[in-house]
Amino acid sequence: MDLILWRHAEAEESAADDLRRRLTSKGRKQASRAAEWLLQRLPSRFSLISSPAVRAHQTAQALGTPIKVEQSLAPGATPKAIIAAAGWPENKGAVVIVGHQPDLGRALAQLVAGGEGRWSIKKGAIWWLSNRVRDGDAQVVVRAVVSPDLL
Amino acid sequence: MELILWRHADAEDGAHDMARRLTPKGLEQAAAMAKWLRAHLPGEYTLLASPAVRAQQTAAALGPPITERALAPGASAAAIVKAAQRHRGIVIVVGHMPDLGRAAAELVADARTEWSIEKGALWWLAGDAPARIKAVVSPEML
């Protein structure tokens, strides 16, 4: 399967409720650039799953496809919750998860390195992982890592 | 330091491993990656390459490389890091698998394993160990 982990783009600093923080105008541009990059590379059918936080949902909206909101992806999501929401590794096809740091970075450290690290992911950046079996071994391939400043 | 680990592009089969040349597809991959690098590299950088022909040809798509014998197939992660650390700023290392994948695993996760880097792809790492993965780009994803 293809698993795309996408961190929400730049958001406003202040809101009484963290879950209601909105993207800044720079964040909206970052989201639309990343969405354009994704749409050129994703298969025609993919699942899009977002954290319920407004900044994540607004980022996901840039793709223009139906969004499934998953409460377990809210800030503080565990690697286990993220991996379960994606259906990794059995899911066929491509799944895009829009979430938060350090949650996505912890899931990445576990998926790629089998470790406890907290990998850095810039705002609006995308990590694209695939799994495959080679010589009887399950492998995870990092197919792409891009951040808005490199798009 | 910023370290870009760049695996040689698609190469012909051949009896003499060091003399294997890029296929036409490999030449296209190298050219496409070099174009991406030119668009995203800030000015100065050092380009190091394994003496194997397929690595030399891949590097040449970007510019004339400094040939490093220590980067030949079978290079240890330590040898790759040592070769890069002789230079300042951004260092691009054009080399082989599993060598580059071992260097990436060691620098990012302090892990003695080999991560998969596809033919022609690059991993852009920033900072000392533990390094941050700044970008991963492969010819298929350009």
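Tutor: Two strands count as paired if DSSP finds at least two bridges between them. Keep in mind that this is a predicted model.

Student: Over how many bridges do β1(A) and β4(A) pair?

Tutor: β1(A) covers residues 2-7, and β4(A) is its partner in the parallel sense. The number of bridges between β1(A) and β4(A) is six.

Student: How many residues of β4(A) are buried?

Tutor: In a regular strand the side chains alternate between the two faces of the sheet. Take one side of β4(A): A94(A), V96(A) and V98(A) are buried. β4(A) is largely enclosed by the rest of the structure, because its buried residues number six of six.

Student: How many residues of α4(A) are buried?

Tutor: The buried ones run D103(A), L104(A), G105(A), R106(A), A107(A) and L108(A), then L111(A) and V112(A). Their cover includes β1, α3, β4, β5 and β6 of chain A. That leaves α4(A) mostly covered, with a buried count, out of 11 residues, of eight.

Student: What residue follows α4(A)?

Tutor: α4(A) spans residues 103-113. The residue after α4(A) has a positive phi, near 65 degrees. This residue is G114(A).

Student: At what angle do α3(A) and α4(A) pack?

Tutor: Two packed helices are described by the angle between their axes and the distance between the axes. For α3(A) and α4(A) the axes lie 8 Å apart. Their angle makes α3(A) roughly perpendicular to α4(A). The angle is about 80 degrees.

Student: How many charged residues does the contact of α3(A) with α4(A) have?

Tutor: α3(A) brings P79(A), I82(A) and I83(A). α4(A) brings D103(A), L104(A), R106(A), A107(A) and Q110(A). By class, five are nonpolar and one is polar, and the charged residues number two.

Student: Turn to chain B. How far apart are the axes of α3(B) and α4(B)?

Tutor: Here α3(B) covers residues 77-85 and α4(B) covers 99-109. They pack at about 80 degrees. That makes α3(B) roughly perpendicular to α4(B). The axes are apart by 8 Å.

Student: And how many charged residues does that contact in chain B have?

Tutor: A77(B), I80(B) and V81(B) meet D99(B), R102(B), A103(B) and E106(B). The class count gives four nonpolar and no polar residues. The charged residues number three.

Student: What pattern does chain B follow along its sequence?

Tutor: Chain B has four helices and six strands. Read along the sequence, they give β-α-β-α-β-α-β-α-β-β.

Student: What radius of gyration does chain B have?

Tutor: The C-alpha trace spans about 35 × 30 × 25 Å along its principal axes. Of the residues of chain B, 46% count as buried. With 142 residues, a compact globule would come out near 14 Å, which agrees with the value for chain B, 14 Å.

Student: Which strand gives the largest share of the side of chain B that touches chain A?

Tutor: The contact takes 14 residues from chain A and 12 residues from chain B. The chain B side has seven nonpolar, three polar and two charged residues. Its largest share is five residues, and they come from strand β6(B).

Definitions and conventions:
Residues are numbered from 1 along each chain as its sequence is written. Chains are lettered from A and ligands numbered from 1 in the order in which they are written. This is a predicted model: local features need pLDDT of at least 70, side-chain atom pairs count only at pLDDT 80 or more; totals for chains, interfaces and linings use all residues. Helices (H or I, at least four residues) and strands (E, at least two) are DSSP runs, numbered from the N terminus. The radius of gyration is taken over C-alpha atoms; the globule rule is 2.2 Å times the number of residues to the power 0.38. A residue is buried if 20 or more other C-beta atoms lie within 10 Å of its own, exposed if 12 or fewer, and partly exposed in between; C-beta atoms are placed from the backbone. Axes are lines fitted to C-alpha atoms, for helices over the stretch in contact, and angles run from 0 to 180 degrees between N-to-C directions. Angles under 35 degrees count as roughly parallel, over 145 as roughly antiparallel, 65 to 115 as roughly perpendicular and the rest as oblique. Two residues are in contact if their C-beta atoms, placed from the backbone, lie within 7 Å. Ala, Val, Leu, Ile, Met, Phe, Trp, Tyr, Cys and Pro count as nonpolar, Asp, Glu, Lys and Arg as charged, and the others, Gly among them, as polar.
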